[in-house]
Amino acid sequence: MTGQDRDLEQSIASLGPWFQNIRIEGVETAPGHFLGDYPSFKWEGFRHVLPDDLGGRSVLDIGCNAGFYSFEMKRRNAGRVVGIDSDPHYLRQACFAAERLDMDIEFRQMSVYDVAKLGERFDLVIFMGVLYHLRHPLLALDLLHEHVVGDRMLFQCLQRGDERVFAFEEDYPFSEWAVFDRAEFPKLFFVEHRYAADPTNWFLPNKAAAEAMLRSAGFTIEANPEREVYLCRRGPRPYGVEPPPSGG
């Protein structure tokens, strides 16, 4: 091992712990990740739903962590790429990795609730692994629709409960109770304290609820390439759904 290799390993270690395993000049940032080679193995299951060549399209990566998906978009010839995260620890990792990988990506510390401040729409918005960490998940989806999603959104959310999707009626009388007892009815499970030792896991939808929330916020589901992952297109906001307050 050369001195440069040791210096790189020391730099990576000093920025730890890493949640994303990123390969930087042959060195892995999280080789012992409890999920395995994460998120690379996850990415392999749905990468085919995006063009191999993004042709200079703009990308916003929300909850970018150490920048794995931002880097993958640059490798696919994305143009302007912006990654935002509320955690400065992850952003330090992302900036370090981008510099070593020689990728021109803008990283900003920002909450999803503040996306209106970006003042632009993006051709592709990546919103993966974030929704269930939010106290106000529908507000977040409404803000994305209103301010930053220009065309498509790549979405992922942890799901629990029943995985069936049933075509329920659009309306039920006030006297109807039984439909809510059905396991496949859209449900959000509220976590009061913590789940998987994480106090920021607030709402865990079942499959029906995840899809219904996307539709309710004005997104059309175009593909569901693997469990929990959806490619969506921005569509019209449904009747009865008002736009969010300006700036969230």
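Trainee: How much space lies in the largest pocket?

Mentor: About 1200 Å³ of space lies in the largest pocket, a volume being the space filled by probe spheres set on grid points that are joined across faces, edges and corners. This is a predicted model, in which local features need pLDDT of at least 70 and side-chain atom pairs count only at pLDDT 80 or more, whereas totals for chains, interfaces and linings use all residues. Residues are numbered from 1 along each chain as its sequence is written, and side-chain values use heavy atoms, with hydrogens and water left out.

Trainee: What makes a residue part of the lining of the largest pocket, and which residues lie nearest its centre?

Mentor: A pocket is an open set of points on a 1 Å grid over the protein atoms alone, where a 1.4 Å probe fits, with protein on both sides within 12 Å along at least five of seven lines, and a lining residue has an atom within 4 Å of a point. The largest pocket has 39 such residues, and Phe19, Gly129, Val130, Tyr132 and His133 lie nearest its centre.

Trainee: What is the volume of the second largest pocket, and which residues line it?

Mentor: The second largest pocket has a volume of about 320 Å³, and its lining residues include Val165, Phe166, Glu169 and Arg215.

Trainee: Why is cysteine 232 called buried?

Mentor: Its relative accessible area is 0%, and buried means under 20% with a 1.4 Å probe and protein chains only, so the term applies.

Technical notes: Buried means under 20% relative accessible area, exposed over 50%, partly exposed in between (1.4 Å probe, protein chains only).
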